[in-house]
Amino acid sequence: MTRLILASQSPARTKLLTEAGIHHDVLVSDVDEDAVQAKYGVTDAHDTALLLARAKAEAVAALPESDGALVIGCDSVFEFDGESHGKPYTAEVARERMLRMSGSQGVLHTGHWLVDCRDTAADADEDAAEDAQTPEGTGATVGAVSSAEVHFSQMSSREIDAYIATGEPLHCAGSFTIDGLGGAFIRKVDGDPHAVVGLSISTLRDLLVHANVGITELWDADED
């Protein structure tokens with residue numbers, strides 16, 4: 001089976017892959033997101049999501065544990081009123097954002113970056129080429145962004161404070177989730193809902209084409 005490595009510690013992303021029947025391992029990247037953004041000077045939410053997804057994927061792809069595998073990195077950035085919002089981290093920031101978001105809408109951008117770490121023909125030892133199995137790697141390193149417009153219901157101050165008290169929104173791009181408690185405050189989504197969770201399965205399928213891998217090859221054989 002082709003190995004897929006998720007370069008993310010997000011429980012929502014690994015849960016999404018698992019529920020989609022996609023077998024994968026998890027290796028967390030040690031990427032300083034602020035340093036990456038400062039280096040490239042990217043402020044646009046769409047481009048920031050792709051830049052950080054690439055940084056995470058390439059960091060994990062460089063690890064010896066990734067040899068022979070495909071690595072997918074992801075990052076989500078929420079665009080609201082022309083501003084880029086990552087994780088709020090503090091209750092104060094989350095509350096200020098959610099009061100503004102109440103009854104309004106914004107766009108959640110999720111960047112995806114795929115790196116093929118399998119051996120390519122160029123990597124094969126020429127002297128042993130006749131005896132070796134044909135390498136499957138393509139050397140692909142490609143990315144794409146999946147975006148969705150998120151519409152929020154009117155939220156009272158009491159609801160916002162109660163939600164923040166759970167701790168859930170503090171470590172989520174845009175200060176909300178759709179697959180957890182925050183789903184109660186999302187009126188509708190225009191676009192791929194999986195992108196709002198943090199990983200678009202259809203976008204992953206599109207990227208796998210560049211590695212000559214079909215999404216069905218990653219389905220867990222143990223799944224019923």
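This short talk goes through a few helices and a few single residues of the structure shown above.

Before we start, please keep in mind that this is a predicted model, in which local features need a pLDDT of at least 70 and side-chain atom pairs count only at pLDDT 80 or more, while totals for chains, interfaces and linings use all residues. Residues are numbered from 1 along each chain as its sequence is written, and side-chain values use heavy atoms, with hydrogens and water left out.

Let me begin with a pair of helices. Two packed helices are described by the angle between their axes and the distance between the axes. On the H2 side the contact is made by Glu33, Val36, Gln37 and Tyr40, and on the H3 side by Thr48, Leu51, Leu52, Ala55 and Lys56, where contact means heavy atoms within 4.5 Å.

Next, helix H7, residues 201-208. Which of its residues are buried? They are Ile201, Thr203, Leu204, Leu207 and Leu208, and buried here means under 20% relative accessible area, with exposed meaning over 50% and partly exposed in between, using a 1.4 Å probe and protein chains only. Seen down the axis of H7, these buried residues fall within an arc of 160°, so they line one face of the helix; the arc is that of the directions from the helix axis to the C-beta atoms. Among the elements that cover them are strand E1 (3-6), helix H1 (11-19) and helix H6 (193-197).

Helix H5, residues 157-165, has Ile160, Tyr163 and Ile164 as its buried residues. They cover an arc of only 95° around the axis, which puts them on the same side of H5, whereas Arg158 and Ala165, on the other side, are exposed. What covers the buried residues of H5 includes H4, and H5 is followed by Gly167, whose phi is positive, near 85°.

Asp81 is found in the loop between E3 and strand E4 (83-85), and is exposed, with a relative accessible area of 59%.

I will finish with two buried residues. Val196 lies in helix H6 and counts as buried at 9% relative accessibility; leaving out residues up to four places away in sequence, Val196 touches Leu108, Ala148, Val150, Phe176, Ile178 and Val189. Cys74, in strand E3, is buried with a relative accessible area of 0%, and its contacts, apart from neighbours within four places in sequence, include Arg13, Ala53, Lys56 and His112.

Definitions and conventions:
Helices (H or I, at least four residues) and strands (E, at least two) are DSSP runs, numbered from the N terminus.
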